[in-house]
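Here is a short note on the fold, written to be read beside the model. Please keep the structure open while going through the points.

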Amino acid sequence: MANAKILVTGGAGYIGSHTVVELVEAGYEPVIIDNFSNSEESALEGIAAILGRDIPCHRIDCTDTEALRQVFRQEQNIQGVIHFAAYKAVGESVAEPLKYYHNNVGSLVALLQVMEEFHVYNLVFSSSCTVYGIPEQLPVTEQTPVQKANSPYGNTKKVCEEILTDLANSGSSNIKATALRYFNPIGAHASAKIGELPLGVPNNLVPFITQTAAGIRKELTVFGNDYDTPDGTCIRDYIHVVDLAKAHVVAVERLLQGKAQSIEFFNVGTGTGNTVLEAIKAFEKASGQELNYKVGPRRAGDVPKIYADVTKSTQELGFKTTSTLEEAMKSAWDWQLSLQKTEV
């Protein structure tokens with residue numbers, strides 16, 4: 001359905017901004033909702049620079065049901081919604097659980113109510129591999145048991161998945177939801193006009209790597225080297241953010257074509273696990289920079305190893321990643337360099 005209007009909540013965020021670009025390039029008309037609590041206005045400029053035009057943006061909070069209604073009234077004929085808008089810092093969620101439940105769970109409930117009112121029935125939900133906790137077997141499939149969450153953040157994703165499942169099982173709703181369980185998004189758009197913009201101290205490995213290489217941070221700490229992995233450091237499934245963005249476009253297409261079930265779950269990763277040290281080496285090779293890092297003690301709450309089985313997303317969703325770890329690292333470094341140019 002070319003030119004279909006797709007609402008993207010959190011569309012100025014890291015994954016949201018890249019998805020907006022991929023939607024336009026696939027022939028869709030995205031409309032952004034963002035309250036800019038965890039994103040920067042500059043992301044809109046980056047999107048416009050890549051696409052050669054501005055994308056409509058409504059500056060509202062997704063927990064505000066009446067504000068959401070206003071957007072649906074104004075933007076007539078919305079065909080689907082991609083829901084990114086959520087807080088995502090694990091440590092902060094432990095310190096401020098109510099903030100996380102109000103925003104992450106409350107925004108989904110408000111959105112679903114308004115979607116029903118306006119007869120919009122296609123939803124792609126931004127979930128996470130955190131729902132698997134510390135898995136007993138690897139790689140994780142969509143049938144891997146969902147574990148008790150390690151943090152309030154992780155629990156909000158689990159609760160949101162349960163809400164969508166309950167809605168699907170109720171028989172009272174026409175909404176069809178596709179939940180994408182992401183692994184570890186890294187990298188930036190090839191133009192270096194949009195990328196990961198952590199506010200304050202980064203929570204993720206790659207911004208820490210690029211900021212250390214750029215001299216913004218003195219050194220990188222690797223949390224633990226005594227795990228049961230090839231080099232003792234944690235294993236993650238690092239997926240290029242542009243690949244991840246394309247997975248959302250494929251999921252939207254599947255919904256609009258009427259091929260989706262009332263609730264579906266898909267792992268979105270590369271299917272390959274890399275250790276933290278392998279990620280560092282890939283960055284050094286891609287950037288030509290030597291990284292100043294040290295090994296510190298383990299960090300509480302870290303899952304020792306997790307990576308995806310992508311059989312289902314390949315076969316049923318028709319999605320496969322194309323970028324290598326080095327390519328993702330190179331794009332992250334280009335983005336870091338472009339940020340410093342704009343700051344000078």
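1. E6 and E11 run parallel and are joined by 6 bridges. Within this pairing, Thr178 stands opposite Glu264 of E11. Strands (E, at least two residues) and helices (H or I, at least four) are DSSP runs, numbered from the N terminus.

2. A word on the source. This is a predicted model: local features need pLDDT of at least 70, side-chain atom pairs count only at pLDDT 80 or more, and totals for chains, interfaces and linings use all residues. Residues are numbered from 1 along each chain as its sequence is written, and side-chain values use heavy atoms, with hydrogens and water left out.

3. The sheet is open and has 7 strands, in the order E3-E2-E1-E4-E5-E6-E11, with parallel pairing. Two strands pair if DSSP finds at least two bridges between them. E3 (57-58) and E11 (263-268) are the edge strands, each pairing on one side only.

4. E1 (residues 5-9) and E2 (residues 29-33) also run parallel, joined by 5 bridges. Lys5 has Glu29 in E2 as its bridge partner.

5. Helix H8 (residues 241-256) lies across E1, E4 (78-83), E5 (122-128), E6 (176-182) and E11. H8 runs at about 160 degrees to E6. Axes are lines fitted to C-alpha atoms, for helices over the stretch in contact, and angles run from 0 to 180 degrees between N-to-C directions.

6. H3 (residues 65-74) and H5 (residues 97-117) cross at roughly 40 degrees, their axes coming within 10 Å. Thr65, Leu68, Arg69 and Phe72 of H3 meet Ala110, Leu111, Val114, Met115 and Glu117 of H5 (contact: heavy atoms within 4.5 Å). By class, this contact has 6 nonpolar, 1 polar and 2 charged residues. Ala, Val, Leu, Ile, Met, Phe, Trp, Tyr, Cys and Pro count as nonpolar, Asp, Glu, Lys and Arg as charged, and the others, Gly among them, as polar.

7. H7 (residues 205-213) packs on H9 (residues 276-287) at about 45 degrees, with the axes 11 Å apart. Leu205, Ile209, Thr210 and Ala213 of H7 make the contact with Val276, Ala279, Ile280 and Phe283 of H9. This contact has 7 nonpolar, 1 polar and no charged residues.
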